[in-house]
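Here are my notebook entries on a pocket and some ring contacts. Keep the structure open beside them as you read.

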Amino acid sequence: ISEDITEALKAQQTQKQLVAMMTHELRNPLMSISVLLNILAKTPPKDLSEDLRKLLAGSHQNSERLLRLIDDFLDIERMEYGKVKFQLEPVELMPFLKASLDENRGYGEKFGVSFALRQGGPGAWVHADGVRIQQVMTNLLSNAAKFSPTGGTVDISLERRPSGLRVSVTDHGPGIHESIRDRIFWKFVSMYNAQADPRIKGTGLGLAISKAIVERLGGRIGFDTKSGEGTTFNFDLP
């Protein structure tokens with residue numbers, strides 16, 4: 001029994017070249033541009049008009065958005081090839097959850113949304129990578145903020161369960177459209193969601209990355225949703 005894998009090897013090599021190109025030819029120059037735009041936006045020359053100041057600020061936001069897109073793409077590719085290194089060590093969850101809320105508070109304020117830690121306590125330890133846990137939290141909190149009503153609150157909780165520790169992020173928005181619930185963790189999910197739910201924007205990689213991270217840590221991620229009531233994303237860690 002034989003199989004010609006020439007085309008598969010070619011596709012794999014093309015994918016590696018694409019990742020290398022995005023790293024060196026796109027990300028590095030874009031990082032330099034973003035830093036410069038940030039400096040100009042914060043301390044613009046006095047003779048610039050208000051319209052130009054707004055243009056600088058908008059350009060900086062767009063460059064940051066492109067950087068996030070590239071970083072998300074690189075992350076998911078590296079994870080699929082097992083090239084992402086995890087620094088596993090004893091981690092107490094509460095300090096990392098509180099740090100995630102503080103770091104993302106400004107993002108929530110853009111949507112008029114606040115974050116509240118409703119349940120948790122000391123002594124909740126896992127063997128994991130704290131930085132990666134914060135990455136998962138950032139993805140879940142940003143999604144929850146985008147789909148929460150203005151003036152709403154996103155609830156975060158930590159609880160002990162028979163399988164380990166569960167972290168939950170709950171919004172009180174419209175819920176996930178029924179037609180795309182079965183593919184919510186797909187890569188580039190926003191492409192599939194565009195027609196079902198035009199409010200969904202972004203890279204469409206955040207939930208796929210979160211799923212890959214949680215599973216690499218020996219855990220599971222899932223969600224519960226009700227139309228018109230909201231959605232809870234949760235992940236369990238042993």
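**Pocket entry**

I found that strand 6 (220-226) and strand 7 (230-237) each give at least two residues to the lining of the second largest pocket. Strands here are DSSP runs of E, at least two residues, numbered from the N terminus. I am working on a predicted model, where local features need pLDDT of at least 70, side-chain atom pairs count only at pLDDT 80 or more, and totals for chains, interfaces and linings use all residues. Residues are numbered from 1 along each chain as its sequence is written, and side-chain values use heavy atoms, with hydrogens and water left out.

I noted a volume of about 160 Å³ for this pocket, the volume being the space filled by probe spheres set on the grid points. A pocket is an open set of points on a 1 Å grid where a 1.4 Å probe fits, with protein on both sides within 12 Å along at least five of seven lines; lining residues have an atom within 4 Å of a point. Among the lining residues I listed Ser-163, Arg-166, Asn-234 and Asp-236.

**Ring entry**

Next I looked up Phe-223 and Phe-233, an aromatic pair 5.5 Å centre to centre with 40° between the planes, hence tilted. Phe-223 lies in strand 6 and Phe-233 in strand 7, 10 residues apart. Ring pairs also join Phe-185 to these two in a cluster.

Phe-233 is buried at 9% relative accessibility, while Phe-223 is partly exposed at 23%. Buried means under 20% relative accessible area, exposed over 50%, and partly exposed in between (1.4 Å probe, protein chains only).

Terms used:
Helices (H or I, at least four residues) and strands (E, at least two) are DSSP runs, numbered from the N terminus. Rings of Phe, Tyr and Trp (its six-membered ring) pair if their centres lie within 6.5 Å; planes under 30 degrees apart count as stacked, over 60 as edge-to-face and the rest as tilted.
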